[in-house]
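Here are some notes for a first look at this model. Please keep the structure open while reading them.

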Amino acid sequence: MSVPDTPVWLAPLLVLGLAAVHARGRWPLRNPWRSAAAGASVAYIFLHLLPQLAGAHAAQGLDSEVVFFALALAGLVTFYGLEHALRRHDEGRADAGVFQLHVAAFAIYSLTIGYLMMQREAEGTLPLLLYAGAMALHFLASDSSLRVGHRAAQAARARHVLAGAVLLGGALGAAFKAPPLLVDALFALVAGGIVLNVLKEELPDQAGSHFGGFALGAGLYGVLLLALE
C-alpha cells in the first residue's frame, strides 16, 4: 500500500522519466557536470539508501545491518566480474555476441531499477523522489560502456532496449509486490552495481573524469540528503 501523501501516478511517471533518459542516449553533459551527476548518485547510496536499509531492519530488532552492506559488496563484485568477462571476450572487436550479452546485462540492471521504483512508492513521496533523482543522475552520468568497441547503430538499438527494460520493470513492480526483505536485498545489490558503474566510468583517464565536479556533486547532494533526514 502506498502511503497517503504519495500520488498513485507519481511512481509510473518517474518510471517513464527514467526510460526517457535511457532512450535519449548520450546527453550533452560536459565532463564536470557528468562527474557531478556521478558523485550525486554515489552520495545517495552511502548517505541515504544503505543507512536507511540497515536502520529500518535494526529498528525491527533484526541483527542484519551488515547483511545489506554485504549484499552491496556482492552487487559490486558481480558487476565487476561481468564487465571483466565481457571485456576479455570483446578484445576490442565489435562482436555481435558480446554486444548482445552486454545489452542483456544492462537490461536486467535497468529492469531492476524500474521495478524498485514501483516498490519505493510505499516509502512515501520524498524517498521516491530521492531515488528517482539519483537513478536519473546515474543514467545521465553513465558514459555507457556499450558504446565502447561497438558500432553507433548497435548503441542506438541498445538505448531502446534499455528504455524498454525500465518500463517492463515498472510494470512488473506495479503487478507484483515482493516481500519487503527481498525488495531491500535488491536495493542493496543495485547499490553495489551503481558504485561499480560510476567508478568504472570515472576512474579511467580516457573517461574524461573531473574530480572537482565529482566532489561537488557528492557534496551538494550529500548536504541535501542530510538536510532532509
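1. Helix 1 and helix 5 are roughly parallel to each other. The reason is the crossing angle: their axes cross at roughly 5 degrees, and angles under 35 degrees count as roughly parallel. The two axes come within 9 Å. Bear in mind that this is a predicted model.

2. Which residues make the contact between helix 1 and helix 5? From helix 1 come L10, A11, L14, L18, V21 and H22. From helix 5 come T125, L128, L129, A132, M135, A136, F139 and L140. By class, this contact holds 12 nonpolar and two polar residues, and no charged ones.

3. An α-helix has 3.6 residues a turn, so residues three or four places apart point the same way.

4. Is helix 5 largely enclosed or largely open? It is largely enclosed by the rest of the structure, because 12 of its 17 residues are buried. Those residues are T125, P127, L128, L130, Y131, A132, A134, M135, A136, H138, F139 and A141. From first C-alpha to last, helix 5 reaches 24 Å, close to the 24 Å expected.

5. Helix 5 has another partner. Helix 5 (residues 125-141) packs with helix 8 (residues 211-228) at an angle of about 170 degrees. Their axes are 12 Å apart. Angles over 145 degrees count as roughly antiparallel, and helix 5 and helix 8 are therefore roughly antiparallel to each other.

6. The contact between these two uses L126, L130, G133, A134 and L137 of helix 5. Helix 8 supplies Y221, L225 and L228. By class, the contact of helix 5 with helix 8 has seven nonpolar residues, one polar residue and no charged residues.

7. Finally, the whole chain. It has eight helices and zero strands. Of its 229 residues, 47% are buried. Among contacts between residues at least 6 apart in sequence, 86% join residues at least 24 apart. The accessible surface comes to about 11,300 Å². Carbon and sulfur atoms account for 71% of that surface.

Conventions. Residues numbered from 1 in each chain as written. Predicted model: local features only at pLDDT ≥ 70, side-chain atom pairs only at ≥ 80, totals over all residues. Heavy atoms only, no water. Axes fitted to C-alpha atoms, helices over the stretch in contact; angles between N-to-C directions. Helix = DSSP H or I, 4+ residues; strand = E, 2+ residues; numbered from the N terminus. Parallel < 35°, antiparallel > 145°, perpendicular 65-115°, else oblique. Contact = heavy atoms within 4.5 Å. Nonpolar A, V, L, I, M, F, W, Y, C, P; charged D, E, K, R; others polar. Buried < 20%, exposed > 50% of the residue type's maximum accessible area, 1.4 Å probe, protein only. Areas by Shrake-Rupley, 256 points an atom, 1.4 Å probe, with all protein chains shown as cover. Expected span 1.5 Å × (residues − 1).
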